[in-house]
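Please look at the sequence and the model shown here before reading on.

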Amino acid sequence: MAVKLTDTTELDALLADGWQKTDGRDAIEKEFTFANFIEAFGWMTRCAIHAEKMNHHPEWFNVYKQVKVVLSTHDAGGVTDLDLKLARKMDDLATR
Ligand SMILES: C[C@H](O)[C@H](O)[C@H]1CNC2=NC(N)=NC(=O)C2=N1
């Protein structure tokens, strides 16, 4: 099972890339904005396929072209390497 982070080097890199620590909870979050709903939903679909392969799933909220994402490993009760991996993938998929 995934374990909570101790080395925060990779986390710091994500925090420099627009991810933030969630208030009152051990999680990270980011708001993504796309050109329109189709772009937003297309990205969500690509993320969903990747999340399912990882068996690690985002909490997210979509309104039109915006998607707010919160990542945390429920099984571990906090942020783990799985969250960092998914966050990186979400960033990658948003910039291609
Ligand atoms: C039973 C199943 O493998 C677990 O519930 C997985 C599924 N997806 C998950 N996703 C996230 N974000 N955290 C988890 O702890 C988690 N656990």
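Which residue in strand 2 is the bridge partner of Lys-21? The partner of Lys-21 in strand 2 is Ile-28.

## About the model

This is a predicted model, in which local features need pLDDT of at least 70 and side-chain atom pairs count only at pLDDT 80 or more, while totals for chains, interfaces and linings use all residues. Residues are numbered from 1 along each chain as its sequence is written, and side-chain values use heavy atoms, with hydrogens and water left out.

Helices (H or I, at least four residues) and strands (E, at least two) are DSSP runs, numbered from the N terminus.

Four strands form an open sheet in the order 1-2-4-3, with antiparallel pairing; two strands pair if DSSP finds at least two bridges between them. The edge strands, each pairing on one side only, are strand 1 (20-21) and strand 3. Strand 1 is joined to strand 2 by two bridges, strand 2 to strand 4 by six bridges, and strand 3 to strand 4 by five bridges.

Individual residues show this pairing: Phe-32 has Val-67 as its bridge partner in strand 4, and Glu-59 stands opposite Val-70 in strand 4. In the hairpin of strand 3 and strand 4, two residues lie between the strands, and Tyr-64 takes a positive phi near 50 degrees.

## A residue in the first loop

Thr-22 is placed in the loop between strand 1 and strand 2. Is Thr-22 buried or exposed? Thr-22 counts as buried because its relative accessibility is 14%, where buried means under 20% relative accessible area, exposed over 50%, and partly exposed in between (1.4 Å probe, protein chains only).

The side chain of Thr-22 makes a polar contact with the side chain of Glu-29 at 2.8 Å. A polar contact is a pair of N or O atoms within 3.5 Å; within protein, one must be able to donate a hydrogen and the other to accept it, and residues adjacent in sequence count only if both atoms are side-chain atoms. Leaving aside neighbours within four places in sequence, Thr-22 is in contact (heavy atoms within 4.5 Å) with Ala-27, Ile-28, Glu-29 and Val-70.

## Helix 3

Helix 3, which covers residues 81-94, has 14 residues and reaches 20 Å from its first C-alpha to its last, close to the 20 Å expected at 1.5 Å a residue; the expected span is 1.5 Å times one less than the number of residues. The buried residues of helix 3 are Asp-83, Leu-84, Leu-86, Ala-87, Met-90, Asp-91 and Leu-93. Among the elements that cover these buried residues are helix 1 (9-15), helix 2 (37-54) and strand 2 (28-33).

His-56 is found in the loop between helix 2 and strand 3, and His-56 counts as buried because its relative accessibility is 6%. The side chain of His-56 makes a polar contact with the side chain of Asp-83 at 2.7 Å, and Asp-83 is one of the buried residues of helix 3.

His-56 is also among the residues that surround the ligand, together with Asn-55, His-57, Ser-72, Thr-73, His-74 and Asp-75; a residue is near a molecule if one of its heavy atoms lies within 4 Å of that molecule. A nitrogen atom of the ligand is 2.8 Å from an N or O atom in the side chain of His-57, and an oxygen atom of the ligand is 2.9 Å from a polar backbone atom of Asp-75.
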